[in-house]
Each structure stands twice: as C-alpha cells, then as structure tokens.
Amino acid sequence: MSSDGPQEQGQGADELPEVFVVTGMSGAGRSTVANVMEDLGWYVIDNLPTIMLPQLVELATEADDGRAQGLRPRKVAIVLDIRARGFADLHESVEKLRASGWTLRLLFLDATDEALVRRFESVRRPHPPQGPGRLLDGIQQERARLADLRSSADLVIDTSGLNVHQLSRKIHPLFTTTAGHKVRLALMSFGFKYGVPLDADYVFDMRFLPNPYWVPELRSHTGREAPVAEYVLRQEGAGDFLDSVERLLEPVIAGYLRENRKYVTLAVGCTGGKHRSVAVAEELASRLAGEDVETFVVHRDLGQE
C-alpha cells in the first residue's frame, strides 16, 4: 500500500468515511461504547495491533472500485486498550496519520480514580498495569501513560457517574447524527455537589440565579418543565448571560469549523443539577443550534435527588 496522504486516493474530504480510535482508561466503558457503535452500524475492530493502524485507515479511505462498491465500511471504530500490541506507539501513530492528512478522530473515555476503583472492586478483577501493587497504583500508572493521548483527543467522555445504560444514552446521539460539517455541541447540565464533569470544554455556573428549590410549588419539578424554566429564564441576569454565551461562541464555532473539530461539550452547573442548569442547558441548545451547529442535551444528574 502507498503511504501517501488521502489526496492521492481520488476521493474528496467530503466523501471520506469516519474513522474513530476509541481508547481510554481501563474500566471507563470501552466495551459499552463499542457495543453502541456496532449497533448503530459502525464497523468495530477490537485491539488491532497499533502497527496495522495506518494500513487500516488507508484501506477504509480508498476510493471504491467496481468490485468493492457498497462493501467498504463508511464508519470504522478501532477500539484499543493499554494491553494492545504496540499501544505505547499509538499517540505517535495517530499524530503521524493526522499530519499526513488522514481523516482520523480519537475518542478518550475517562473516569475518576474513585469510580475506577469501585468498578474493579465490584468485578474483583486486577487492573491491567497493576502487577503486585495496589489497584490504585495501577490506575495512576495507566493515567500517566495515557496523558498524551487524552490531551490530543477530539472527544473526551467522563463516565464516572454513569451506569451502562446512562453511558449508552449519552453515546447514542454522538454517533447517530447526520451533522456533516457541523460542530456537534453537547449541552450538559450537572450539579456541583456531584462534581464538575471531566469532559467539559467549557463550564458555566448558574448559581448566580435564584434557586427554584426554595419555591415550594417548583421544588418537585425540573428545569425541563415550563414553570421552572420560565421562573429561571426571567430572573435578572439570565437573559444577559444567554446573550453573552451566544456572542462568546460565535468566533469559537467559526474556529472549530476551520480546524475541523466536530465535538464540543459545554457544561452548565447549579447546586443539584435539577432546576437552573437544566433550564439553561435546554435554552442554550435551542439558541445555539443552526446552520453550523448541531446541539443535543445531556442532563447528567437529573434524577439524583
């Protein structure tokens, strides 16, 4: 196979299939994500030796000929963990492919040390790099080894507070969209009492607004319901905040489009993630959706209380 870039394949960037490398911390949910992507029609390859990654990407992006017409997968996911052969070279391989012009994106799954410890203890299995040491030692060793990969990821997803079903629901809209060249913007509401999301690109704090929790007739309702949303959005400063976020993101979205960055997470927090953050996330999703942006909403902590 030729090692030249994609421009010599006779296929424009608009026609190139999507190729995702899915990796991250052991126990962070790679198997769940792989299953969801496979159910959505992605061609999933598990633990491919890293040395074969360039050849696979080139094969997936070659122009169809008469014999292969309709047979070559248009959406390919390569799922790798730290045990894969040649994994230490994955970051270098990904960067070389990107520098050569290949369409390749990296999804990194992360979780807090505490969440990973709970998961491994519940299944009573050793952590891959643990060896004779403590479970936490293995987790921290892996985190250090994956730092460069995480920093270069196109999309980071924090699975700390999610069970299998919640993670599946969060992943689903990311890989079923028909956004094309649009930026895919996730609006995530959360409660500060449950921790700031690890995967947020931007974090906004709604605790400057009065809390509907202290209004008896609103306490049991959520920000997805009209009475709470109306209460939150009519408060002094709410409209100015929303207008400011729209203006702030205009040059950001334009820059993401130029740099071909498709995935962004904007997190909106309040105390418990039930009222203010939910209402504002829903409103921002409506305002920010447009010709260049596809939005979807994830309410991380709704139902916790």
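Which residues form one aromatic cluster with Phe 20? The cluster is made of Phe 20, Trp 42, Phe 175 and Tyr 263. The notes below come back to it after the overall layout. The model is predicted.

1. **Overall content.** The chain has 10 helices and nine strands. Of its 305 residues, 50% are buried. Take the contacts between residues at least 6 apart in sequence: 79% of them join residues at least 24 apart.

2. **The five-stranded sheet.** Five strands make an open sheet in the order β2-β3-β1-β4-β5. The pairing is parallel. β2 and β5 (155–158) are the edge strands, and each pairs on one side only. From one strand to the next, the twist averages 20°.

3. Strand β1 (residues 18–24) runs parallel to β3 (residues 75–79), joined by five bridges. Val 22 has Val 79 of β3 as its bridge partner. β1 also runs parallel to β4 (residues 105–110), again through five bridges. Here Thr 23 is partnered by Phe 108 of β4. Further out, β2 and β3 pair in the parallel sense over four bridges. Ile 45 stands opposite Ile 78 of β3.

4. **A covered strand.** How many residues of β1 are buried? The count is seven of seven. Both faces are covered. One side carries Glu 18, Phe 20, Val 22 and Gly 24, and the other Val 19, Val 21 and Thr 23.

5. **The four-stranded sheet.** A second open sheet runs β7-β8-β6-β9, with parallel pairing. β7 (202–205) and β9 (293–299) stand at its edges with a single partner strand each, so one side of each lacks a neighbour in the sheet. β7 pairs with β8 (residues 263–270) in the parallel sense, over four bridges. Val 203 stands opposite Ala 267 of β8.

6. **Helices on the sheets.** Helix α7 (residues 164–176) packs on the four-stranded sheet, where it touches β6 (183–191), β8 and β9. Its direction makes about 175° with that of β9. α7 also lies across β1, β3, β4 and β5 of the other sheet, running at about 160° to β5. Helix α10 (residues 276–288) lies across β6, β8 and β9. The angle between α10 and β9 is about 165°.

7. **Aromatic pairs.** The structure has eight aromatic pairs. In one of them, the ring centres of Phe 20 and Trp 42 are 5.9 Å apart and the planes meet at 70°, so the pair is edge-to-face. Phe 20 is in strand β1, while Trp 42 is in the loop between α1 (30–39) and β2 (43–46), so the pair ties together parts 22 residues apart in sequence. Why does Phe 20 count as buried? Its relative accessibility is 0%, and the cut-off for buried is under 20%. Trp 42 is buried too, at 4%.

8. **A longer link.** Phe 20 also pairs edge-to-face with Phe 175. The centres are 5.2 Å apart, with 85° between the planes. This pair links distant parts of the chain: Phe 20 is in strand β1 and Phe 175 in helix α7, 155 residues apart. Both Phe 20 and Phe 175 are buried.

9. **A buried arginine.** Arg 105 belongs to strand β4. Is Arg 105 buried or exposed? Arg 105 is buried, with a relative accessible area of 6%. Beyond its neighbours within four places in sequence, Arg 105 contacts several residues, including Glu 18, Val 19, Phe 20 and Val 21. Arg 98, Asp 154, Asn 260, Lys 262 and Tyr 263 are also among its contacts.

10. **Charges over rings.** Which ring does Arg 207 lie over? Arg 207 lies over the face of Phe 192, 3.7 Å from the ring centre. Arg 219 places its charged end over the ring of Tyr 213, at 4.3 Å from the centre.

Note on methods. Residues are numbered from 1 along each chain as its sequence is written. This is a predicted model: local features need pLDDT of at least 70, side-chain atom pairs count only at pLDDT 80 or more; totals for chains, interfaces and linings use all residues. Side-chain values use heavy atoms; hydrogens and water are left out. Two strands pair if DSSP finds at least two bridges between them. Helices (H or I, at least four residues) and strands (E, at least two) are DSSP runs, numbered from the N terminus. Contact means heavy atoms within 4.5 Å. Axes are lines fitted to C-alpha atoms, for helices over the stretch in contact, and angles run from 0 to 180 degrees between N-to-C directions. Buried means under 20% relative accessible area, exposed over 50%, partly exposed in between (1.4 Å probe, protein chains only). Rings of Phe, Tyr and Trp (its six-membered ring) pair if their centres lie within 6.5 Å; planes under 30 degrees apart count as stacked, over 60 as edge-to-face and the rest as tilted. A charge sits over a ring if NZ of Lys or CZ of Arg is within 6 Å of the ring centre and within 35 degrees of the ring normal.
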